[in-house]
Amino acid sequence: MEKVPMTSEGLRSLEEELKQLKSVERPAIIKSIAAAREHGDLSENAEYTAARERQGFIEGRIAEVEDIISRAEVIDLSKLSGKTVKFGATVRLADEDTDEKVKYQIVGPYEADLARGRISVTSPIGRALIGKSVGDTVEVQTPRGAKSYEVVGVQFK
């Protein structure tokens, strides 16, 4: 079983999702299925079919989240420091072509959220950044072609 690196915030988020699925979503779908059964013939009951599909999705997501949580290896970011990029680091980059600055935190694959500036350690840019220091240049293949970034800052918070 492969361990999944994760921040404590990422684990807490998954635990909240699991609680929501088990205590709210699951009971709601059971009520929907019961209500749809009362409408008669199940073979021609679109409500029943949709509710059963939704139940399958919810049960599958519960199993997936439980599996991720069981394999989680929580990394305490408060104990990390240094000048090289590793899991948990917040990295400031400058695009070498446009000089545009971006900031990313390197996190686990299940807590990545580009809109919040959190990229997965397993993403192409995440893998390219690991082990780099301020002043290093990183070349990453993106959907729009190769991009070159300079690491301008590394911090742990």
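1. Ala51 counts as buried because its relative accessibility is 7% (buried means under 20% relative accessible area, exposed over 50% and partly exposed in between, with a 1.4 Å probe and protein chains only).

2. A word on the basis of this note: this is a predicted model, in which local features need pLDDT of at least 70 and side-chain atom pairs count only at pLDDT 80 or more, while totals for chains, interfaces and linings use all residues. Residues are numbered from 1 along each chain as its sequence is written, and side-chain values use heavy atoms, with hydrogens and water left out.

3. Back to Ala51 and its surroundings. Not counting residues up to four places away in sequence, Ala51 touches Ile29, Ser32 and Ile33 (contact means heavy atoms within 4.5 Å). Ala34 is 17 residues from Ala51 in sequence, and their C-alpha atoms are 9.4 Å apart.

4. Of its 18 residues, Val85, Val91, Leu93, Ile106, Ile125, Leu129 and Val151 touch the most other members. At least two residues each come from strand S3 (90–95), strand S4 (101–107), helix H3 (124–129), strand S6 (137–142) and strand S7 (145–155). S7 gives the most, with three. A second, separate core has 16 residues, including Met6, Leu11, Tyr48 and Ile62.

5. Leu93 deserves a look of its own. Leaving aside neighbours within four places in sequence, its contacts include Val102, Tyr104, Ile125, Leu129, Tyr149 and Val151.

6. Finally, the largest pocket. Its lining has 20 residues, with Tyr104, Leu114, Ile125, Thr142 and Tyr149 nearest the centre (on a 1 Å grid over the protein atoms alone, a pocket is an open set of points where a 1.4 Å probe fits, with protein on both sides within 12 Å along at least five of seven lines; lining residues have an atom within 4 Å of a point). S4, strand S5 (118–120), H3, S6 and S7 each give two or more residues to this lining.

Conventions
A nonpolar core is a set of buried Ala, Val, Leu, Ile, Met, Phe, Trp, Tyr and Cys residues joined through side-chain atoms within 4.5 Å. Helices (H or I, at least four residues) and strands (E, at least two) are DSSP runs, numbered from the N terminus.
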